[in-house]
Amino acid sequence: MPELPEITVIAKQMDKQLRGKTVAGVEDSQPKHLNMPIEEFAEKAKGKILNSVSSRGKWLFMKLEPECFMLINLGMGAEILSFEVNQKLPENAQFRLTFTDKTGFTIHFWWFGYVHLVPEKDLAKHKLTSQLGISPTEESFTLTHFKELLASRKTSIKSFLLDQKNIAGIGNVYVQDILFRARLHPNRKISTMSEEEKEGLHKAIVEVLNRSIKFGGSAFEVDFYGKKGKSALDDFLVGYKPGKPCPRCETTIEKIRTGSTASYICPKCQQENKKERESVGQAFDRKSARYAED
Ligand SMILES: [Zn+2]
């Protein structure tokens, strides 16, 4: 499932490749993704010029002129792929947008996903994107701002991080190593977190996501050109590594159930009710220093 790093990479590629092109047509064999009938959608999109592509959390924002946005969410996993003139198109793609130069892109949705066309004046009223929280890659995602978001919250830290209304873009893949790096159990109540822990968590969020963006996103997802990212399972610290040793203390990593999601934790480094941290030796600090330098 694509999360912030993958969507950030795709948005940058789309912006570079498609800016200035004019929409010639749109087709969709599964119009449930759209927010209006396909005929109306195609009619409204036709002739519009792509001004820019950006992203927020897991959403792509295609700004079209005059005064319109095409908002795309890839859901639980989908491929959005560029095509050139006369290129054979993926047979499984449900959505296709063609520009007047006969290039374009297709989307193959696996489960749910959305392509919504919204007039610029109504963007603030678009339910699914208007409630999105801040993207951790935005400059305004400062420690002070993060602490304000956490203030007086009563939930567990993992459910807070996964709720896109708080922070947009973190899903069940990247949250694993974020929590591990911050030495927090997924069920840890926000109200019991120290200032130091909040600081560590803020740093972990920014570093884990930016590191993956640098590597072109996850190796389990493809970019706009069908190329896999370079952030592979080996790069994960505890995420999706049950049975493997913790990189800090070598305790066996466990897979546990937290609410409706699975979590991967080191039971020693991430204790649920522990306030005082144990010394876990120097091993991680060396790794951590290397990790930060990558
Ligand atoms: Zn550990």
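Reader: Let's start with lysine 121: is its side of the story buried or exposed?

Author: Happy to begin there, with the reminder that this is a predicted model. The cut-off for exposed is over 50% relative accessible area. Lysine 121 has a relative accessible area of 71%, so it is exposed.

Reader: Which residue does lysine 121 meet in a salt bridge?

Author: Side chains of opposite charge can pair when their charged atoms come close. Here the N to O distance is 3.6 Å, and a salt bridge needs the two atoms within 4 Å. The partner of lysine 121 is aspartate 122.

Reader: What is the N to O distance in the salt bridge between aspartate 122 and lysine 125?

Author: Aspartate 122 is partly exposed at 22% relative accessibility, while lysine 125 counts as exposed at 63%. The two residues form a salt bridge, and their closest N and O atoms are apart by 3.4 Å.

Reader: How many salt bridges does the structure hold?

Author: Some of them are linked in a network, with Lys63, Glu65 and Glu120 as its members. Another joins lysine 44 to glutamate 40. For the structure, the number of salt bridges is 15.

Reader: Why are lysine 44 and glutamate 40 separated by about one helical turn, and in which helix?

Author: Their closest N and O atoms are 2.8 Å apart in a salt bridge. Lysine 44 is partly exposed at 41% relative accessibility, and glutamate 40 is partly exposed at 34%. The separation is about one helical turn because the two residues are four residues apart in helix α2.

Reader: Which strands does helix α2 touch on the sheet?

Author: The sheet is open and has four strands, in the order β2-β3-β4-β8 with antiparallel pairing. Helix α2 (residues 38–45) packs on this sheet, and its direction makes about 55° with that of β8. The strands it touches are β4 (68–73) and β8.

Reader: Which strands stand at the edges of that sheet?

Author: An edge strand here has a single partner strand, so one side of it is left without a neighbour in the sheet. The twist averages 20° from one strand to the next. The edge strands are β2 (49–56) and β8 (114–119).

Reader: What is the bridge partner of arginine 56 in β3?

Author: Strands β2 and β3 (residues 59–65) run antiparallel and are joined by seven bridges. Helix α1 (residues 4–18) lies across both of these strands, running at about 165° to β2. In β3, the partner of arginine 56 is tryptophan 59.

Reader: Which residue in β7 stands opposite serine 82?

Author: Strand β5 (residues 78–83) has five of its six residues buried, so it is largely enclosed by the rest of the structure. It pairs with β7 (residues 104–109) in the antiparallel sense over six bridges. Opposite serine 82 stands phenylalanine 105.

Reader: How are the C-alpha atoms of asparagine 92 and alanine 151 separated, and by what distance?

Author: Asparagine 92 is found in the loop between β5 and β6 (95–99). At 42% relative accessibility, asparagine 92 counts as partly exposed. Asparagine 92 and alanine 151 are 59 residues apart along the chain, and their C-alpha atoms are separated by 46 Å.

Reader: What is the geometry of the zinc ion's site?

Author: The zinc ion is coordinated by the SG atoms of Cys246, Cys249, Cys266 and Cys269, at 2.2 to 2.3 Å. Along the chain these donors follow the spacing C-x2-C-x16-C-x2-C. The angles among the four donor atoms are 102 to 113°, and the site is tetrahedral.

Reader: How many residues apart in sequence are the parts that cysteine 249 and cysteine 269 tie together?

Author: Both cysteines are buried. Cysteine 249 lies in the loop between α7 and β9 (254–258), and cysteine 269 in the loop between β10 (261–265) and α8 (283–293). The pair therefore ties together parts whose separation in sequence is 20 residues.

Reader: Which residues is lysine 189 in contact with, leaving aside its neighbours within four places in sequence?

Author: Lysine 189 lies in the loop between α6 (174–181) and α7 (195–214), and at 41% relative accessibility it counts as partly exposed. Its C-alpha atom is separated by 8.7 Å from that of glutamate 272, 83 residues apart along the chain. Beyond its sequence neighbours, the contacts of lysine 189 are Lys154, Thr155 and Ser156.

Terms used: Residues are numbered from 1 along each chain as its sequence is written. This is a predicted model: local features need pLDDT of at least 70, side-chain atom pairs count only at pLDDT 80 or more; totals for chains, interfaces and linings use all residues. Side-chain values use heavy atoms; hydrogens and water are left out. Buried means under 20% relative accessible area, exposed over 50%, partly exposed in between (1.4 Å probe, protein chains only). Contact means heavy atoms within 4.5 Å. Donors are N, O and S atoms within 2.8 Å of the metal (3.2 Å for Na, K and Ca); water is not among the atoms, so sites may look incomplete. Four donors count as tetrahedral if all angles lie between 85 and 135 degrees; four count as square planar and six as octahedral if opposite donors are over 155 degrees apart and all others between 65 and 115; anything else is irregular. Two strands pair if DSSP finds at least two bridges between them. Axes are lines fitted to C-alpha atoms, for helices over the stretch in contact, and angles run from 0 to 180 degrees between N-to-C directions. A salt bridge is a side-chain nitrogen of Lys or Arg within 4 Å of a carboxyl oxygen of Asp or Glu.
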